[in-house]
Structures are given as C-alpha cells and as structure tokens.
Amino acid sequence: MSYQVLARKWRPRNFGEMMGQGHVLQALINALDNQRLHHAYLFTGTRGVGKTTVARIFAKSLNCEQGVSATPCGQCSACREIDEGRFVDLIEVDAASRTKVEDTRDLLENVQYAPTRGRFKVYLIDEVHMLSTHSFHALLKTLEEPPPHVKFLLATTDPQRLPVTILSRCLQFNLKRLPPEMIRDYLQRVLGQENISAEAAALKHIARAADGSMRDALSLLDQAIAYGGGQVLESEVQAMLGTIEHGHVVHLLDALAAADGATLLQRIADLNEFAPDYDDVLAELLALLHQIAVVQAIPGAVSDEHLDEETVARLAAALSAEDVQLFYQIGLIGRRDLAIAPAPRLGFEMVLLRMLAFRPVTADGQRPPLVAPARTQAAPAAPRQQQTASPSLVRSEKTASTAPSKSKSGQEDEAWHRLVEQLSLQGMLRVLANNCALMNREANTFHLALAPAHASLRNSKMEERLQEALSAHLGEKVKLSFTITQPNAETPAALQERISQDRMRSAEEAIVQDNHVKTLQEMFDARIVPDSIRPVD
C-alpha cells in the first residue's frame, strides 16, 4: 500500500477530533442538534486551519444515514463516501481554477434538482474570493432564493474580496490560527500513534514554523521524519528549517545590554556563517524581549518552558525596562522594513545598531556611552609638528616636566591618551586602543588594562597590528601585555566621553543663562528642549 502523508491520514473525521476552533464548532453543533440550519455558511481563516475540513464534517453531519446531528456515525455509506471524496451530492469546487461565469452557470444549473442519494445537495466552494464579478452575480441569484434541499459551504482566506451582497447572505465563521502549544501537543500525539521518537524542542520549532497552520505543521513533520531517517531531532529540524540555536539571540542581547557595538557586529558576523533567515532571528529576538519584559513585571514568570529561567533573569537585570520596550518597538518596525533593505544582513545590522543609537537617557540626563564613541567627540589632536617629537611622552623614566600636582600614574594616563591620538588609528584598531588604559611601562613593554566588557575587541591579529603601529611611531620595537580587568585609570574613550559631556553641560548652562532665552520664556511661556541643544565647535 502506498504511503499516505500525515496531513491526509490525520485529517479529522468528526468535530470531536478537531483541534481548537471551539467558537466555530460550538455554533455548528448547536445548529445541527437543534435543526436550525442556514442555507449558506462562509468559513474564513488563513491556510491550514481547518476550513474545508469543518465543511466536509458539516456535510457529513447533514447527510449521515442515521439522521442530521453533530455526531455522524462515520460507518454508513454516505459518511464513508464523503471521507473518500466520492459522494455524489457533495460537489467540491476549487474557485481558483473555475473563475469564469460560464463555469459557475454550469455548476448551478442543476441546483433545482433534488439530491441523488443524500438528504441535501451540498456545494463546497473553496477559495471563493477567486470568482469573477460576473460569477458572483450568478451565485448571488441562487443564494437569494435557494431550494430547501441545497446548502452552500464557502471557504476563503481573503473574505475582504467578497462582495457585501454575498457576505450578507451567509453565516460567517472565522477560524483562528492555532497556538504553537496546541500544535506541538497534537504532533506529539500523532508521533505516539506512529511510534516515532521525537525531541520536545524539535516539535517546538516545527510548531512555531507552522505559523498557526496544522496542515503546515503535519507537512513539516513529514519532512522532518524523512530528513531524520525516522526520528525527529532538534539539531536536524533546525538544519531543515534554517533556524539557529537560541544562544545566538542571547549573545546579541548580551552585547546590546553592554552597549558594546563592536561585540554586537562580531556576533552578527558569527551568526551570518549559518546563513540564517534574519526575519526569523528578529522574531526570536522579539520573543525573548517579551519574556524579559514579563519577568521584569512579574519576577519568575517565564511562560516559555524552553527558555532558561536563569538566562532570562540575568538579561532582565542587565537591561532597563525602558531599553526592553524600546528594543521591542524598534525590532517590530525593523522586521516590517527588512524586506526592503538592500540586503537582509544589512537591514538586520541596522535594526540592532538603531537599538544602540536610540537608547533612553539615564537618570542624570546623560546618554550611556557606546564602546566606541564617535570620532567627532574626541579631544583635539596634537599639532602635526609636535607628533614627531612625542616618543618621550610615554617613557615614564624620561617624562618631560609636568605640573607638580600630577602623579606618575596621572602622567602615564595623559601620555597614553596623547599617544593614541597621535597614532591616527582607524576602525576596530582605534576602538581597541581607546578602551585600554596604561597601567605602567617597563622598558619597552606596555602593560595595558582592558575591561571584561571589551575583551572581545582583543585578538592576536589586533594586538599585533597595535604593537606594530606603536613600534613604528616610537622608532623602537615595543611589546604589549594585556590584562583583562577593570581599568583604574581613565581610558581615552572615557576621556572623550567626559569631554563631550562637559561641553554639553556648558552649552546647556549657556542657554539657560542667556538673557534672550530668559526673555522668551517670560513673554511666551517658552521652554527649553534639552535634546535640541548642541555644543558649538
């Protein structure tokens, strides 16, 4: 016997086997049991939620030889023939392939004749919205004055395209998308009957990929069984669907929480090696942000059983509620615009960089600094003619005379800041140097401190390039020694941010004290918008 796909083998044969759609089933069951039958029913909903299945069960309930009821016997000839698709008084039509008015007239010309075998002649028209305007006019005439032995069951995924004259003559039932948990439980039941082993996480991925459609879920399950050689494993389902491990999404949020742009871009580069669907990645990110928001509101309330509670709690503590809400909103809008981005990865990167760029200000009115501050905020560079005579600045044992109040450590900090600026580094190399602090120098060895949050900036290639740049600038071979620890001294990046904040505070104070501004406030009840103030270079 040939193999029968799961979507057909496990199609419900009665209302009791249907999953979900209780609001529709209850209305139909009551109508059948109380003999309150309308002449036309319209079933709407997305693909694979059970529109035609409900219609066939309803047709079986109308024509069962045991009588009209919500529980057809399933054993009589009428029930068996309907299940097998060969009942003469159930006329199924695919409107997508029969859109012409001539097709509709041919279909309806025998409406006035009594059923051949059954109690009712049932017309099941699938994708009815595909009919032409003239076809709707032909159908409308029959719907206005239908014979008592005829029932119309219409199904569509797009009810907005139906004329209101058709809609007004039908009882409408909207079938909803099925929740992933319900789909997962049904798939588990099916696999139990089929004696096939499966991992719970794999079924979760399939249920989410089905997007509310039970038929799609069963088709994906068929594919997963074939892909896994008779078993359903999470790793193989992920490979089949093109999904990624949840840890990648957690790493992205870790970088966002640390406001670490360099690490964020590196995580995206790592992710790109798996050729993911970036729309799915954004969906995973939004789902995780939702769980974080829930935990922030109600500690311990993780509703997704496949998420690690410790991870969600850690991220909930690392991110402010404002950040979570902002990231979620930016992600929603970014997911909508992803399709029009020049490339999916570029669009995805811009969404995450936008999350960093538009973070809320802190309680003191300042915006948290990024790992790599903009170059425009840097302290002014030393004149070019001074750069050639600067090597002595970093030699603590030969330091030029400074202000008496400066300690040796302070002199080294200042010397390192100037040296980094004079090196004219670019890109990631500049980011690395800006986030290091000079602990001390022993002969030709520079001992640098790098915060743990920025440790990913350092690798052998970057260290070698920075070492070469220093050696070339100083005219002697130097060696770098990195220690991953929170710097006690101020890094160049921190100095640049402090200078920027000082300039911003001075600008704000100047605006507040300006006599013209005060006059405008008094005369017109004007107010100062803090975010509109910018320092003048």
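Tutor: Helices are DSSP runs of H or I with at least four residues, and strands are runs of E with at least two. By that count, this predicted model has 23 helices and eight strands in the chain.

Student: Why is Cys 79 called buried?
Tutor: Its relative accessible area is 0%. Buried means under 20%, so Cys 79 qualifies.

Student: What makes Cys 170 buried?
Tutor: The same cut-off of under 20%. Cys 170 has a relative accessible area of 8%, so it is buried. Across the 537 residues of the chain, 43% count as buried.

Student: What makes up the largest nonpolar core?
Tutor: It has 33 residues. Leu 253, Ile 292, Phe 348 and Leu 352 have the most contacts inside it. Helices α12, α13, α14, α15, α16 and α17 each supply at least two residues. α14 gives the most, with eight.

Student: Which residues does Leu 352 contact, leaving aside neighbours within four places in sequence?
Tutor: Contact means heavy atoms within 4.5 Å. Leu 352 is in contact with Leu 252, Leu 256, Leu 264, Ile 268 and Leu 285. Another core, of 30 residues, lies apart from the largest one; Phe 43, Phe 87, Val 122 and Leu 124 are among its members.

Definitions and conventions. Residues are numbered from 1 along each chain as its sequence is written. This is a predicted model: local features need pLDDT of at least 70, side-chain atom pairs count only at pLDDT 80 or more; totals for chains, interfaces and linings use all residues. Side-chain values use heavy atoms; hydrogens and water are left out. A nonpolar core is a set of buried Ala, Val, Leu, Ile, Met, Phe, Trp, Tyr and Cys residues joined through side-chain atoms within 4.5 Å. Buried means under 20% relative accessible area, exposed over 50%, partly exposed in between (1.4 Å probe, protein chains only).
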